Every structure is written in structure tokens, then in C-alpha cells.
Amino acid sequence: MVGRPFSSRVPSDLASNRLAAAVADARGSGRPLVDLTLSNPTRAGFEYPDYLLSALGDPRGLKYEPAPFGLVSARQAVAREYSRRGMTVSPDRIALAASTSEAYSLLFKLLADPGDEVLAPRPSYPLFEHLARLDAVSLRPYELEYHDGWSIDIASVERALSERTRAMLLVSPNNPTGSFVTRPELKRLSAICAERGIAIVADEVFADYQVRPGACVDAGRVLDVSEGLVFSLGGLSKSVGLPQIKLGWMAVAGRDDLVRNALARLELICDTYLSVSTPVQAAASELLSRAVPVRKQIQTRIAANYQTLAAQVERVASCALLAADGGWSAIIRVPSIGSEEDLVVHLVGDGVLVHPGYFFDFSHESYLVVSLLPSEEQFADGVSRVLRHIESL
Ligand SMILES: Cc1ncc(COP(=O)(O)O)c(C=O)c1O
């Protein structure tokens, strides 16, 4: 065949990197590796009640009644999730998706033409680059800055705007910074976006999890925005610790006429895929109402690990823990003696795996990102391996 038959939505270079090779090597040799990148809650030793998934066998799952936004009972259950967090949203303004990642893709189709631009926070979650590229939209970063705590650099948002900007992504709390969007930030950003016809897409998958007491209540709430067009995204993968069940959602708010128009178009997109299985929709209400014990375990784990990390890092003068408010990860500033990549590859040799900051597109080196999900024992062991290595440099 002449030329390649593939689109440029998928990168042409699929070779694995040096870190992935070091990890494969360590795992292949059978040496123990403490994984401080673990982000899969189903492998973190939480106790999931036996009855948690029993509703998936509900006979309603035997009947196929296609509904673009999902079964009303499931959308009502999602509306109750928002009211648990103090927000009111009508089930008519909620659409289901197979995951939050899929919800992004559906919204990019709704909001942007190929070549249009979407603003995304930096540092943030690396999947955005792929999600945007697969829908042929370009990501334009705006900066989160750190001075004893994270904030959104609003001037960098204004600099990133262009004629082609269609949406702004907010992640609250953000992965990996753990920063929630504050109420004053949300007020400024919703005014900037509404004025220019730019939608806000707020990823609130971690909104239930705080490491600073009171952080969830203090945060800005996008569904309270009444100007422009805003979407709040969530899903079972974080709120119930069940990524394998595949249920996410979008809730829409803003100016009424924009919301109506958005929903009419979104309905057509969702109707084209009908991607959420009926058994999970029929089970949604039970799954969400039975989630409390799992969510509590995750909350207790992340808070305990964050405290352990703070205590261990404090003893090492050359390192600092960046203050986080919530989410499942934490960031350690480390001395820039070599590159981040060299450091994490050496750490694999010392039996511990962490993310290098560049994975999340930090504007400079050197940072390490750790997940707060591993068991408390593994976490403490992994962190002490990291800090011992750094002290030995
Ligand atoms: C900020 C953020 N949004 C979305 C997701 C993915 O969620 P889902 O499993 O619903 O696609 C993740 C996963 O780590 C995430 O960190």
C-alpha cells in the first residue's frame, strides 16, 4: 500500500518510552515494585460489599428501551447525587454516558468543529491530549500556579483565548494538583466564557474527596452558574470506586435557551451511539445509594496517606509537599539534580514506581506525583524509598 492508511488522530510513533521499559523489566524480573501510581480503586484493597452489584441482575435489564439520555430512573438517581452535594438539577438536564472520558468526546462533538480549540488546565490529566486529538480539536493550555496553594492564572486563560475557542475545561478537584475551582475563580471564568460564547466543561469526578477538611463545601459549583453554558461531568469510576461498571454522566446548566439548544443537539449525538448498557442504567439508583461504605474507605485512605506523606516529606529539607485540597494524588517537589526521567527510572531500580511531573505537563522540573490510593502500609514504604533515594543523591 502506498502511504499509510491511518488518520493523524492517532500518533504515528507508538514506541514505548524508557520508563515503561524499566517498569516492564522490573516486573519481568519478579523484583517487588511498590506502585505509587496505582489509580485503580478495585486493586487498592478496599472492601466492596458483596451485595453492591446485585442490582445488575435486575430483570428490567432484559428489556431494551433505547433512550438517548438514559432511563429516567437512572437520571433521577444522578440528580439525587447532585442534591447530596447541595446542588439542584432536573433529571431532564442529565445525560448518561459510558464514562466521563466518553462524555468529553460527546461534548467535543457537540461544541467544536475540527481544528477548533479547547482550553485545558496545565498541569493536568494527560488523557485530555488524546481525547481532544481523537475528536480533531486542539488543546490550548492555561496555567495553574502555585504559591503555597494552587490558583488559576486568569491572565493565562485570557491569553489562550482565540476566535476558535469553543470550550474551557475545568477539573475540580484537578488531577494531579488536588485543587478545587474556587467560587471567585468560577465567577470570573463564567463571565469571561459567557461573554464570548464559550462553554465550560467541569470535570467533577473527584468532587467527593477532600484532603483539606471543608474543601468540598468551599468549592465553586458549576451547576449554580446561570449565564452561558456549563456542563458538570461525573461518574461511578470515582464516586463509587467502580471504573469497570462504565457509567458516567453530564449535567447541563446556564442560560435557559442555550441549555435547551444544547440538549436538543446532544440528544442526537447520544442517540447515534446509545452506548450505556440497560442493566447498568437499571441498577444505577441502587449502585449509587449503596456507595457510601466504599466512598468512606477511599476518603479515609486518601486523608491518612496524605498525612503520612506530609510527615515524611517534612523530615527531608530538600523536598516539599505541595498543598492539596482534594482528589486522589499528591505532588512532591524534589531537587533538580538530574532529569525527572532519570530519577523515576532510578526509583524503579529501588523498587518504587511514581509518576514524573512531565507526565502531567508541569511547566518546569522537578516534581513527582504519587497516588494516595495504595494501602497505608505500601504507601508509607513507597514514600520512604523515594525519600531515602533523594537524600542519598
Ligand atoms: C480528572 C479525571 N477525569 C476523568 C477520569 C476518567 O474517568 P472515567 O473512568 O469516568 O472515564 C479520570 C481518571 O483518572 C480523571 O483523573
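In this predicted model, C270 is buried, at 4% relative accessibility. C319 is buried as well, at 8% relative accessibility. The disulfide count is 0. A disulfide is a covalent bond between the sulfur atoms of two cysteines.

The largest nonpolar core comprises 100 residues. I152, M168, L170, L309, V354 and L368 have the most contacts inside this core. Helix α11, spanning residues 292-314, gives the most to the core, with 6 residues. A separate core holds 34 residues, including Y104, F108, A120 and L169. Within the largest core, L170 illustrates the packing. Beyond its neighbours within four places in sequence, L170 touches Y142, I152, V181, L186 and L189 among others. The contact list of L170 also includes I200, V201, A202, D203 and V222.

Aromatic pairs number 8. One of them joins F359 to F360 in an edge-to-face arrangement. The ring centres are 5.2 Å apart, and the planes make an angle of 80 degrees. F359 is partly exposed, with a relative accessible area of 38%. F360, by contrast, is buried at 4% relative accessibility. Ring pairs also link Y104, F108, Y125 and F128 into a cluster. Y104 and F108 belong to the 34-residue core too.

Two packed helices are described by the angle between their axes and the distance between the axes. The axes of α1 (residues 18-28) and α12 (residues 340-349) come within 9 Å. They cross at roughly 5 degrees. Angles under 35 degrees count as roughly parallel, so α1 is roughly parallel to α12. On the α1 side, the contacting residues are R18, L19, A22, V23 and A26. They meet E341, D342, V344, V345 and V348 of α12.

Backbone geometry was examined next. Most residues other than glycine have a negative phi, and most peptide bonds are trans. The peptide bond from S172 to P173 is cis, with omega near -5 degrees. P173 sits in the loop between β6 (165-171) and α6 (183-196). A cis peptide bond also runs from E365 to S366, with omega near 5 degrees. S366 occupies the loop between β13 (355-356) and β14 (367-371).

Positive phi values occur at D148 and K246. For D148, phi is near 65 degrees. This residue lies in the loop between β4 (138-146) and β5 (150-152). D148 is exposed, at 73% relative accessible area. Phi of K246 is also near 65 degrees. The loop between α8 (236-239) and β9 (248-254) contains K246. K246 is partly exposed, with a relative accessible area of 44%.

Notes: Residues numbered from 1 in each chain as written. Predicted model: local features only at pLDDT ≥ 70, side-chain atom pairs only at ≥ 80, totals over all residues. Heavy atoms only, no water. Core = buried A, V, L, I, M, F, W, Y, C linked by side-chain atoms within 4.5 Å. Buried < 20%, exposed > 50% of the residue type's maximum accessible area, 1.4 Å probe, protein only. Helix = DSSP H or I, 4+ residues; strand = E, 2+ residues; numbered from the N terminus. Contact = heavy atoms within 4.5 Å. Disulfide = S-S within 2.5 Å. Phe/Tyr/Trp six-rings, centres within 6.5 Å; stacked < 30°, edge-to-face > 60°. Axes fitted to C-alpha atoms, helices over the stretch in contact; angles between N-to-C directions. Parallel < 35°, antiparallel > 145°, perpendicular 65-115°, else oblique.
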